[in-house]
Amino acid sequence: MSEQPQFTVKIDQNKFLPEGGREVHAIVSVEAGAEGGAMPAPASTKASEVIIIDTSGSMSYPDTKLRAAVAAAQVAVDTLRDGVEFAVISGSNTASMVYPRQGGLVTASPQTKDKAKRALSGLRASGGTAIGSWLRLADELFDDVQGGIRHAILLTDGKNQHETPEELDAVLFRCGGRFVCDCRGVGTDWEVAELRKIASALLGSVDIVADPAGLVADFQAMTEAAMGKSVADVALRVWTPQTARLRFVKQVMPSVEDLTGKRVESAPQAGDYPLGAWGAESRDYHICVEVPPGEIGKELRAAWVKLVVPGAPGEEAQVLATGNVLAQWTDDEAQSTRINPRVAHYTGQAELAVAIQEGLQARKDGDFDTATARLGRAVVLADEAGNEAITAMLRKVVDVVDPATGTVRLKRHVEKADEMALDTRSSKTVRTRKDETLTTPRPGER
Amino acid sequence: MTGGQHGADDHRADDQGAGHADPDGAKAAEPSCPSCGETVYPGEVFCEECGHRLAGAPPPEPVESAAPGGAGAAPAPAGDPCRGCGGTPIDADGYCETCGMRQPAERDHVEVELPAPGGGNGSGPVAAAGASDRGRRYSRNEDALALAAHAAGVAAVVCDGVGSSQRPEDASRTAADTGAAELVALLGAGEDPEDATRTAALRAASAVAALSTSPGDAPSCTYVSAVTRGGSVTVGWIGDSRAYWLSADGAVDPGEDGTGEGGDEEPATDGSGPETAELSTGDMAELGPSRRLTEDDSWAAFMIAQGALTEAEAEEHPNAHVITAWLGADAGQVSPHVATFRPAGPGTLLVCSDGLWNYFPAARDLAALLAAGPAAPGPDEPAAATASDAANGAGGTATDPAPGPVPDPGHDPAADPLGVARTLVRHALDAGGRDNITVAVIPIPAPRSPHSSIHESIPHSTEQPR
């Protein structure tokens, strides 16, 4: 990793607490940029890629789905940098190798990429859906590589019907932290919550590609983003005072992702939250720590945040950047009541994601009062956050009577794809309106 | 900023001499840490090298446990360095790696003693003393204090960093150190005290102005100096830090009723305000009853002088603390006010920042505090334990090595100026401690006797920088 980007950690917070105050909130912004601001060309970065294509029977109804998936996978293969280790898997009731036939990973070159694309065009759809078995095969393939960026793309069009949720959970538990997997649902017959769970466990993104025609561009973007990663296995190491309690650690940009449960104890009073691989990009995290109230004037380090690359067992972690989350008690209300705008912004957007997901679930369950109330709240929050993409999607599900108060009516007829898009993208966030535009391109966000 | 922290804020003497004159004989013998052998200094509770609790060091418990600052922190196991929880280690940023508490900076509470000539190592008389404290509201101490002996008396400088400027703590430190050093040099060169006072203030102003690194960056502070020579006292100031005369006989100037101006007698600072800068050095005002010696360069003082507001109204006003003159790159032309007095009897020359006088603006109030002597140690009494820890600040004189005793009642400033300074600081803390508090105390003997007590080889001492 000779071309490792420069990482910076920035803390946004109001450190002042009122007398007796305990809750400390901070937004931790982690940014990695190449020196000079140019995109890194991590040609030397070791990387491996596994592309997983659903070839269950439903992929041929209509046949355009399979053909689009094959075309998308072929573009993804083309996008691979020469030298990257790769493989293509097809999945139905079980997983099987598409390329290379015999298993293992192959070094990308014009010849091997060509062979992979030819193998892809021979794919036929039949059988069921057992996503866990597909991921297990991917995991076995990654076993052969030591370190480097390990990334998978998973495309499916259906529910995970041919294995139990427990089987899937067991595979996710095993694969978590071993590779990053971006998930895509094509069509409208797949389960948003299920795919979101897989993506969350494997630190990847989830999205809907309702129209198979959109797959090619999407696969290309995903593969390019993966090729842009230069540091694998970054973690946020959070130290807290002995008497404090870490309430939560959430990714809030580019999407809301609760990392609290992913904590791995790493040092005295410190835990690591895996963040996956990084390229030239920036992500924001919301940290909340509960501290014992202190005397007026006392200053406390409520959290010590370090961006680390955890070393092998027995090895010291490599610290890329650090930041302090502070708490200081004051009797000056002007200081203690000020809410940091970024904390407020991301708190609102986290609530927005929850409001949408709860509202859509209530709607599905036939609880229209709750659905109306939650989606109405979502309209207000999306507007406050300036999250226009979500506002536009919400308006396909509800008729907005008064955006200020969140008075809405559920639409009687909603396209399944629109509802699923809203659900899937409910956790996508936007930056604070006042934030300057990003100076670094973020490959994952195109 | 808790009482407990103050209590534990021993002023570390280990950086003794860092950038400061350290006269022969002023330094106490250097014992070493029984654990690691590193040199330790009187009053240190823990070895700076290894954190070992030093034998004979005053146990911090009485003060620390009484302090509300300990809320939520685990009881401190002996031998561990965190002032809050006893945890270890403290990281490079100054936070405890167990409880996260930011450790008090050395400057948070500082005490200084200037030994009288001939009595250099702790047991002898003290020519002047001072104490400076972060207070209870601010996270750092932006005041600075310097005491120095010159060839024929004492010089004291107190500076208060301007909170709205950048790095105010650097400004005040620079100004106090420069001012004291210049006073000593100028007086030593035979300059008249008023000229020396004015020149030293201007040089301090230049030094502070030089701290600026860009037009938007102008570290700033106030400045007040006091020098004694022979039977006279000369004060000089810019901003709202003050000097007071507190007569030993307890008489208070009638104008000093806490509501009005300096009274009808304003002999030396006649006309108050900027004109005093051009004061002639001819007539020395005689100092009788207790009174303030300086006139603030402040919005409040201006409004009062204009007759627009009463003192009480002005102090209530949000602008009360806006100063109209300061040291700093953005200060424009600096014109120090200078005034000279001749005490008629013994008394105390008090030099302080507004952290003290905000609570006790009138000379009468301050005189009453002195007369009352040290108050009974309160629950968050910071001074007692701090005393011995910090007393050996710069002069190296550990006057008070026993743990936590309070100076004898019925304060005699001449006998225990540090005790007086401490007491005044503690009163300001007890009153709320909203600002940094700095007090310098210079006992003034009865006229005629001073000459006998002034000799040549005089120690020089200032507060230690961080």
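Predicted model: local features only at pLDDT ≥ 70, side-chain atom pairs only at ≥ 80, totals over all residues.
1. Residues are numbered from 1 along each chain as its sequence is written, chains are lettered from A and ligands numbered from 1 in the order in which they are written, and side-chain values use heavy atoms, with hydrogens and water left out.

2. Start where the chains touch. On the chain B side, 22 residues are in contact with 19 residues of chain A (contact means heavy atoms within 4.5 Å). The two chains bury about 1600 Å² between them, with 45% of it on carbon and sulfur atoms; buried area is the accessible area (1.4 Å probe) that two parts lose on being put together, summed over both. In chain B, the residues losing the most area to chain A are Tyr95(B), Thr98(B) and Arg137(B), together 27% of what that side buries.

3. Now the charges. There are three salt bridges between chain B and chain A, a salt bridge being a side-chain nitrogen of Lys or Arg within 4 Å of a carboxyl oxygen of Asp or Glu. Arg301(A) forms a salt bridge with Asp91(B), and their closest N and O atoms are 2.4 Å apart.

4. Over to chain B's sheet. It's an open one of six strands, in the order β3-β4-β5-β6-β10-β8 (chain B), with mixed pairing. Strands are DSSP runs of E (at least two residues), helices are runs of H or I (at least four), and both are numbered from the N terminus; two strands pair if DSSP finds at least two bridges between them. β3 (143-150) and β8 (285-287) of chain B each have a single partner strand, so one side of each has no neighbour in the sheet. β8(B) runs parallel to β10 (residues 337-343) of chain B, joined by three bridges, and Glu286(B) has Arg342(B) in β10(B) as its bridge partner.

5. Finally, chain A has an open sheet of five strands, ordered β1-β3-β16-β12-β13 (chain A), with antiparallel pairing. Its edge strands are β1 (6-12) and β13 (257-258) of chain A, each pairing on one side only. Seven bridges link β1(A) to β3 (residues 23-33) of chain A in the antiparallel sense, and Thr8(A) stands opposite Glu31(A) in β3(A).
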